[in-house]
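Please try each task before turning to its worked solution.

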Amino acid sequence: MNLTIGTLLAFSFAVSLIALAALIWAISRKQFQVTQKDAMSIFDNGKPGTFDDPSHPSGRLREATTLPLSPAVRRLLVLGFSTAVFWLLLGSVFGVIASYKMHLPDWLNQAAPLTFGRMRTMHLNLVIYGWLSLGGITTAIWLVPTLFKTPLRKAGMATLGVVLWNLGVAGGVIAIGSGWTDGMEWLEIPWQLDILLAVAGACLAIPLVVTAAHRQVEHIYVSAWYYMAGLVWFPSLFFLANLPSTHSGVQAATVNWWFAHNVLGLWLTPLGLGAAYYFIPKIIGKPIFSYRLSLLGFWALALFYSQVGIHHLIGGPVPTWLVTLSVVQSVMMVVPVLAVAINQHVLWLGNFWAMRESLPLRFIATGALMYTFASLQGSMEAVRAVNTVTHFTHYTVGHAHLGAYAFVALVLFGAVYYMMPRILNRPWPFPKLISVHFWLVFIGFAIYFIALTLGGWLQGLAMMDASRDWLESMELTIPYLQARSVGGTLMTLGHLLFAVNVYALFAGKQPATANAGNAIPATDLGAR
């Protein structure tokens, strides 16, 4: 235990030094001497006021930057998104099968790969590494050059990174299905295959870092801060958690939840918030409420999140001070969450007309709202009085999906719907399916989350009641698990429609640009 805790503390100290160096650099380059004018940097010529949605009948299909995409970068983006959507579909199928097996345990039990343990694990790794990570980093490949107003450097290396990442994900899922895993949640892919993912990650990160070094803007917009930080945090987390033969027993559990929670908070969250901070004001045509507050939210996330995951070990054989530190940092996460809420929610709530007009915005703004809910719920769940009830229940599963799916996945859906018409210079072939997709995943997730939250809470109360048989705490969850399966099925149907639209767009032959240049002022749409 001393080795593990010492390693984590040493790592945290090293990361703190890096963060301090970044802070000193930012101050020396006057990155904190900001005004609300810096929030305008994402708009064309620094002038807001234009509703901007290429999926809208009045939307522009031209690229968002004056720098055209090269054929190599265009192919890279298509490769990244097409494979990410494939992993989403496959992971969704595995997830639905695993969900049904919770209340139909004898269904599909003819072979070991079809068991719940393997199906659920393959689902987890496919959606985390195949869909969210690959889709998020591909979004960054489009967005970072846009923010820095400079072409992507080393596109060939990034393409190699996408190929290697897909090979790593495919190899990892095959290994898990065959029973070869490292045996820890979120770390199941064998470390031998993790090496391939690490090399792929480096090939994806280096082009973005080099692009940032050649930026043509003085100020770094807040979205770029989130992306650049994620490119530092995730490789560090991945390397330390996957060191072979280093941690075991309680030490392994400590590293396990330190890593698992930080993947969400220091990797997927930067990918989601970075996209939301760009697309919400960009689509509406108005800047965020307070640019200073957006930077405060970023640095608060960097300061408070790193030790949050240890609250999953409340009651376990780990030092009390370590758990208490995690609980305190979990509660302090209210600070960055409120910063995001004030900035993003005030903007779209004050321009609700845009939610009606723009389907990509509907996905992204809803995802940003779910980030607020997930983080506030997580802060409450970390408190010992609440954790005592929810620990080891389905409540935690619902909370995890609120963060990873309702937040990050919805933002990513909206980002893809916004970007792809501009990347390929053609409109969506089935625009009505976008609305159907939204309502399927929204209603499906609502059923999923409410069922697991209520069922999990009742499950926890039943397990705490010494007068009730333990089996009763399991039996009472069956109706809620059935509702979970219904919700998951609806979500998967939404993913299928999403894939149909994406692949049909990729298969299009001739670009349709009849509505190019027809952008209209946000004030005109707001008056409708």
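## Exercise 1: Salt bridges

The structure, which is a predicted model, holds four salt bridges. Work out which residues are linked in a network of salt bridges, and where they lie in the chain.

Solution. Begin with Lys282 and Asp52, whose side chains meet in a salt bridge with an N to O distance of 3.7 Å. Lys282 belongs to helix α7 while Asp52 sits in the loop between α1 (2–28) and α2, so this pair ties together parts that are 230 residues apart in sequence.

Next, look for a further partner of Asp52: its side chain also meets that of Arg422 in a salt bridge (2.4 Å, N to O). Here the loop between α1 and α2, which holds Asp52, is linked to helix α14 (residues 394–424), which holds Arg422, and the two residues are 370 residues apart.

Putting the two pairs together, Asp52, Lys282 and Arg422 form a network of salt bridges.

## Exercise 2: Buried or partly exposed?

Decide for Lys282 whether it is buried or exposed, and then classify Asp52, Arg120 and Glu185 in turn.

Solution. The cut-off needed is that a residue under 20% relative accessible area is buried, one over 50% is exposed, and one in between is partly exposed. Lys282 has 3% relative accessibility and therefore counts as buried, and Asp52, with a relative accessible area of 2%, is buried too.

Now turn to Arg120 and Glu185, whose side chains meet in a salt bridge of 2.8 Å, N to O. This pair links distant parts of the chain, since Arg120 lies in helix α3 (residues 116–148) and Glu185 in the loop between α4 and α5 (191–213), 65 residues apart. Arg120 has a relative accessible area of 27%, so it is partly exposed, and Glu185, at 24% relative accessibility, also counts as partly exposed.

## Exercise 3: Core and surface

Find which members of the largest nonpolar core touch the most other members, and then name the residues that make a nonpolar surface patch.

Solution. The largest nonpolar core has 161 residues, and Trp131, Trp142, Phe259 and Phe279 touch the most other members. Helix α7 (residues 250–284) gives the most to this core, with 20 residues. Leaving aside residues up to four places away in sequence, Phe259 touches Tyr129, Trp186, Leu187, Leu237, Phe238 and Ala241.

For the surface, consider the patch of about 350 Å² made by Phe289, Leu338, Ile342 and Val346. One of these residues, Leu338, has its place in helix α10 (residues 334–349), and its relative accessibility of 43% means that Leu338 counts as partly exposed.

## Exercise 4: Confidence

Identify which element has the lowest mean pLDDT and which the highest, and say where pLDDT stays under 50.

Solution. Start with the whole protein, which averages a pLDDT of 90, with 89% of the residues scoring at least 70. Among its elements, helix α18 (residues 522–526) has the lowest mean pLDDT, 50, whereas helix α4 (residues 155–178) has the highest, 98.

Conventions
Residues are numbered from 1 along each chain as its sequence is written. This is a predicted model: local features need pLDDT of at least 70, side-chain atom pairs count only at pLDDT 80 or more; totals for chains, interfaces and linings use all residues. Side-chain values use heavy atoms; hydrogens and water are left out. A nonpolar core is a set of buried Ala, Val, Leu, Ile, Met, Phe, Trp, Tyr and Cys residues joined through side-chain atoms within 4.5 Å. Buried means under 20% relative accessible area, exposed over 50%, partly exposed in between (1.4 Å probe, protein chains only). Helices (H or I, at least four residues) and strands (E, at least two) are DSSP runs, numbered from the N terminus. Contact means heavy atoms within 4.5 Å. Patches are made of residues with over 30% relative accessible area and no salt bridge: like charges are joined within 9 Å, nonpolar side chains (Val, Leu, Ile, Met, Phe, Trp, Tyr) within 5 Å. Accessible areas come from the Shrake-Rupley method with a 1.4 Å probe; for residues, only the protein chains shown count as cover. pLDDT is the predictor's confidence in each residue, from 0 to 100.
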